[in-house]
Amino acid sequence: MFLSIATTHRPATDLGYLLMKHPARVHETEFSFGRATSFFPQAGEERCEAALVLDVDPVALVRGRGESPVEGYVNDRPYAASSFLSVAINRVFRTAMTGTSRDRQALADAAIPLEIEVVPLPAREGPDLVRRLFEPLGWQVSCRSVDDATGEAPYVALRLEGRQRLADALGHLYVLIPVLDEAKHYWVGEDEITKLLEKGGAWLAAHPERELVTRRYLKGRRDLTRSALARLAPEEEAEAEAGPAARPSVEDALEASMRLHDLRLETVTGVLAASGARVVADLGCGEGRLLERLVRDRRFVRLIGLDASVRSLERAARRLRLGQPEGPQADRVSLLHGALTLRDRRWQEAEAVALVEVIEHLDPERLPTLAEVVFGTTRAKTVVVTTPNAEHNVLFTALACGSLRHPDHRFEWTRAEMRSWAAGIEERWGWKAAHSGIGPEQPVHGAPSQMMVFTR
Ligand code: SAH
């Protein structure tokens, strides 16, 4: 089986830096199931192409299994692109897959023109499914049918063209090749979910075929599929029941009288400006109210909003007038569909991060994952988190005793609870946290809203 990756980005030979392979050399990697050879059929300034050829050894494959190489599900293994190819991609191009590059980081972060070929790719359901899988990811797809040796299963030569980050492109192949192949060569367990979310989480959540991809990647194991899908987009279910944007909540009414949200956004804007950050990610940006303020301040050269709700993002795009002549410059603001509980390289360059009235929308058992993503893995130097102060709720006479301010809130914290959460983050990752209230401070119950500013 054969994979080729070409670019016309100039100088095209930079592909060698991205893949960490010298274009003049042939590289060989041994696997238990065979051998991968990578080399550059073409390495010019204008076009550079890297190829990976995987020879699967049919004897090694069935060793110890008591199967003959031509029997059972292994019969096309040496021939067709399969999960073996994913394993090989992940090993041979490991650094490129993580989106890092020692010598060309800016290029690794950039979308570049790519042409990819995979031959032969199993397409038992015909080329239509191949298109449904790759086109939503921004690829131009062409499939040429390929005669297969057995005459039983249809295969295609797949060609993808598009502007993509190389790491994203490799992630697409890593996940989707086994999905098309279906016969995975190893047992599927819990850690397959981790691999799927790690390599596909950022784009899979928004993929129209995410259910099919998840189910087939996990070999139809229903328990695993359910769990993976829940981790991909649990917020959308919540939104369908009680969308934060769908109807005005008690929260809006309660807080309206004091224009609490404006005050909150003003305070957060002030903290972000003072931090000196030039690139800011607003996680759980909702309808973009914070971004709307930030965009007015030229000191913020890049603003990234991320939310799990497509509807909110659409509203944010309208609010910010994205793509309109009077709106911000095209590359200054990006709105991303994604989940806070997944590592997402699309906002990794952020120097400061805001989470305004967001954490209380997550189930408490998901907070450790959020903390890991936001505090454990980012390069940011400042993180601002706001959340209601539950102690203040008794002062809202319109709020039934013991209830939360918004139907989608999973919890509301006292000041002590917020402090204790922050203390865990200080201890674990060496951040410094400073607590303050937002809104009129009451002697016993504190301010209606609370903010924690984390710095390091
Ligand atoms: N920060 C905005 C919106 C707050 S409402 C503001 O202050 O105006 C909370 C937002 O968090 C919603 O838009 C919801 O879609 C989003 N959200 C909740 N859980 C999320 C998750 N796990 N990943 C991404 N966004 C999430």
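**Salt bridges, strands and burial in a predicted model**

Arg216 is buried, its relative accessible area being 8%; buried here denotes under 20% relative accessible area, exposed over 50%, and partly exposed the range in between (1.4 Å probe, protein chains only). The model is predicted, so that local features need pLDDT of at least 70 and side-chain atom pairs count only at pLDDT 80 or more, while totals for chains, interfaces and linings use all residues. Residues are numbered from 1 along each chain as its sequence is written, and side-chain values use heavy atoms, with hydrogens and water left out.

The side chain of Arg216 meets that of Glu125 in a salt bridge of 2.8 Å, N to O; a salt bridge requires a side-chain nitrogen of Lys or Arg within 4 Å of a carboxyl oxygen of Asp or Glu. This pair links distant parts of the chain, 91 residues apart: Arg216 belongs to helix 9 (residues 210-217), and Glu125 to the loop between strand 5 (112-122) and helix 6 (127-134). Helices (H or I, at least four residues) and strands (E, at least two) are DSSP runs numbered from the N terminus. Glu125 is partly exposed, with a relative accessible area of 41%.

A salt bridge also forms between Glu209 and Arg132, whose closest N and O atoms are 2.9 Å apart. Because Glu209 lies in the loop between helix 8 (190-204) and helix 9, and Arg132 in helix 6, the pair ties together parts 77 residues apart in sequence. Glu209 counts as buried at 18% relative accessibility, whereas Arg132 is partly exposed at 34%.

Glu372 is in helix 16 (residues 367-376) and Arg428 in helix 17 (residues 415-429), 56 residues apart. Arg428 is exposed at 54% relative accessibility, and Glu372 is partly exposed at 31%. By the rule stated above, the count comes to 30 salt bridges.

Strand 10 (residues 333-337) is mostly covered, with 4 of its 5 residues buried. Strand 9 (residues 302-307) runs parallel to strand 10 and is joined to it by 5 bridges; strands pair if DSSP finds at least two bridges between them. From strand 9 the chain passes through helix 15 (residues 310-319) to strand 10 in a right-handed β-α-β crossover, that is, clockwise from the first strand over the helix to the second, with the strands pointing away from the viewer.
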